[in-house]
Amino acid sequence: MIRVNGGALFSFSLYLVLCFSVILPVLCDFPATFQLEKVAPNVDSLELEGLRARDRARHGRLLQNVVDFPVNGSYDPFTFGLYFTKVQLGNPPKEFYVQIDTGSDILWVTCASCRGCPNTSGLGITLEFFNPQQSSTASMMSCTNPKCIAATRSSEAGCSSKSSCDYSFQYGDGSGTNGHYVSDTMHFQTVVGDDSTSNSSASVIFGCSDSQTGGLTKSDRAVDGILGLGQSDLSIISQLSSQGVAPKVFSHCLRAGGGGILVLGEIVEPGIVYTPIIQSLPHYNLNLQSISVNGQTLSIDSSVFATSSTQGTIIDSGTTLAYLADEAYDPFVNAIAAAVSQSARTVPVKDNQCFVAASSLDGIFPTVTLNFQGASMKLNPEDYLIQQGSVDNAIIWCIGWQKNQGQSLTILGDLVLKDKILVYDLENQRIGWTNFNCGSPVNVSSSSHKNEFINAGQLSKNGSPSLVTINPLVCLGHLLLSLSFLHLCTKILII
């Protein structure tokens with residue numbers, strides 16, 4: 001028990017009054033007027049460790065800033081077929097182009113020792129190789145490292161006779177990569193609340209690829225690696241949030257015409273609806289309950305969408321198109337074909353359901369609604385159709401959703417995710433979305449707004465949380481001029 005004499009207690013109390021009534025208002029620029037409410041529990045039942053945990057969470061949010069990554073690429077399978085960003089690793093920093101992938105967990109880049117790895121890219125970018133020996137802060141991750149041991153339990157790492165902590169990943173398209181883990185500095189730009197950006201860095205663990213197979217070896221759409229944005233402890237999201245560098249929420253808005261927004265932070269926009277993430281599964285699994293076409297629910301057994309380790313519905317920005325569970329595919333395509341206006345005619349194209357129609361899809365094709373637990377996602381025709389040529393001055397539109405042969409797994413890729421704000425709120429285990437013009441500026445908060453036990457408005461000028469306004473077109477302009485993704489391209493807006 002700590003004993004405090006009366007004089008010390010009075011001095012300490014006066015100090016607190018000065019802090020809250022004078023010092024804090026000056027530093028944070030808000031009026032020094034408070035409405036006090038009794039919130040403390042009975043002293044006899046007070047658990048000090050619980051208060052410490054709450055304060056640590058509070059302090060972590062105060063230190064976090066929005067981390068902004070530029071975006072290039074597009075969903076179009078005939079041009080890019082992927083979205084990618086740029087990361088800076090090592091000392092001195094070296095830049096790497098990496099695919100944005102919410103369907104995997106690990107950040108990895110091509111190592112200087114890589115075998116079977118492309119040297120050029122058809123995407124108009126210069127490929128780089130990471131050499132740990134050329135970075136003054138790089139170190140190999142050993143098999144005795146606690147993080148390696150933990151990753152071994154989740155099959156994200158393995159240890160052979162060598163002392164290095166290794167990995168081997170296989171992706172859904174049949175491609176794969178093998179390599180070893182490295183610890184080094186990651187450099188990035190954070191946006192702070194005083195009309196400026198700040199250069200920041202953190203020590204992270206990432207993969208150094210020694211070999212690649214399948215589509216990863218092809219030069220036409222080659223990048224330097226993959227930025228896995230999953231939930232595992234080794235994902236960049238988890239690593240940065242655990243260090244208090246970034247919040248445990250990230251958002252993207254992938255523009256159909258190319259580019260977009262990727263931030264470690266929560267995009268705040270009216271109309272965003274949320275559905276829970278199904279926990280204890282390795283991907284971003286959501287509870288899809290039914291599909292509607294023009295408001296009519298399709299006759300698909302609900303068991304087709306049930307979630308398990310082998311079936312369910314996954315959000316995956318690393319997938320270009322969309323794949324519907326086998327038993328749901330035919331009812332889906334038939335319902336669209338039945339609802340198509342008579343102004344469009346059906347044509348066979350490589351076993352796909354295709355239509356010849358005018359360039360405008362309005363009024364010709366139906367709307368589709370994906371009904372999730374507690375939220376619905378409205379899809380326009382552009383979200384399930386892809387353009388595959390023209391005939392007689394008209395456009396050939398084909399169903400872009402593919403049948404997932406023999407599987408009850410539905411994967412929503414970039415064809416569906418584009419032109420929407422997607423918020424991955426890992427703190428509260430939910431994903432939200434709304435249709436949006438991803439070429440427009442967005443407001444971003446550095447913390448999730450659900451179940452806040454603090455008054456987020458205390459650190460802003462008028463009682464609202466501090467928001468960052470990010471303009472993707474400014475970022476894209478810098479990219480097209482110099483392929484330097486990390487130029488200053490943000491504007492702060494304190495609301």
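Which residues line the second largest cavity? In this predicted model, the lining consists of Thr-102, Gly-103, Ser-104, Asp-105, Gly-230, Gln-231, Pro-282, His-283 and Tyr-284. By class, 2 of these residues are nonpolar, 6 are polar and 1 is charged. The volume of the second largest cavity is about 40 Å³. Across the whole structure, the search finds 2 cavities of 30 Å³ or more.

**The largest pocket**

The structure also has pockets, and the largest pocket has a volume of about 1,500 Å³. Its lining is formed by 44 residues. Those that lie nearest the centre of the largest pocket are Tyr-171, Gly-172, Asp-173, Ser-175 and Gly-318. The lining of the largest pocket divides into 17 nonpolar, 19 polar and 8 charged residues.

Several strands contribute to this lining. At least two residues each come from strand S3 (94-101), strand S6 (166-170), strand S9 (225-228) and strand S25 (401-404). Of these contributions, the one from S6 is the greatest, with 3 residues.

The two linings are set side by side below.

Strand S10 covers residues 249-254. Buried residues are those under 20% relative accessible area. Because 6 of the 6 residues of S10 are buried, the strand is largely enclosed by the rest of the structure. Burial holds for both directions in which its residues point: Val-249, Ser-251 and Cys-253 face one way, while Phe-250, His-252 and Leu-254 face the other.

S10 pairs with two strands. With strand S27 (residues 420-425), S10 runs antiparallel, and 5 bridges join them. In this pairing, Val-249 stands opposite Asp-425 of S27. With strand S11 (residues 260-264), S10 pairs over 4 bridges, again in the antiparallel sense. Here His-252 has Leu-262 of S11 as its bridge partner.

S10 and S11 form a hairpin that has 5 residues between the strands. In this hairpin, Gly-258 takes a positive phi near 120 degrees.

Taken together, His-252 belongs to the buried set of S10 and is also a bridge partner to Leu-262 in S11. Val-249 is likewise buried, and Val-249 stands opposite Asp-425 in S27.

Key:
Residues are numbered from 1 along each chain as its sequence is written. This is a predicted model: local features need pLDDT of at least 70, side-chain atom pairs count only at pLDDT 80 or more; totals for chains, interfaces and linings use all residues. Side-chain values use heavy atoms; hydrogens and water are left out. On a 1 Å grid over the protein atoms alone, a cavity is a set of points where a 1.4 Å probe fits but cannot get out, and a pocket is an open set with protein on both sides within 12 Å along at least five of seven lines; lining residues have an atom within 4 Å of a point. Grid points are joined across faces, edges and corners, and a volume is the space filled by probe spheres set on the points. Ala, Val, Leu, Ile, Met, Phe, Trp, Tyr, Cys and Pro count as nonpolar, Asp, Glu, Lys and Arg as charged, and the others, Gly among them, as polar. Buried means under 20% relative accessible area, exposed over 50%, partly exposed in between (1.4 Å probe, protein chains only). Two strands pair if DSSP finds at least two bridges between them.
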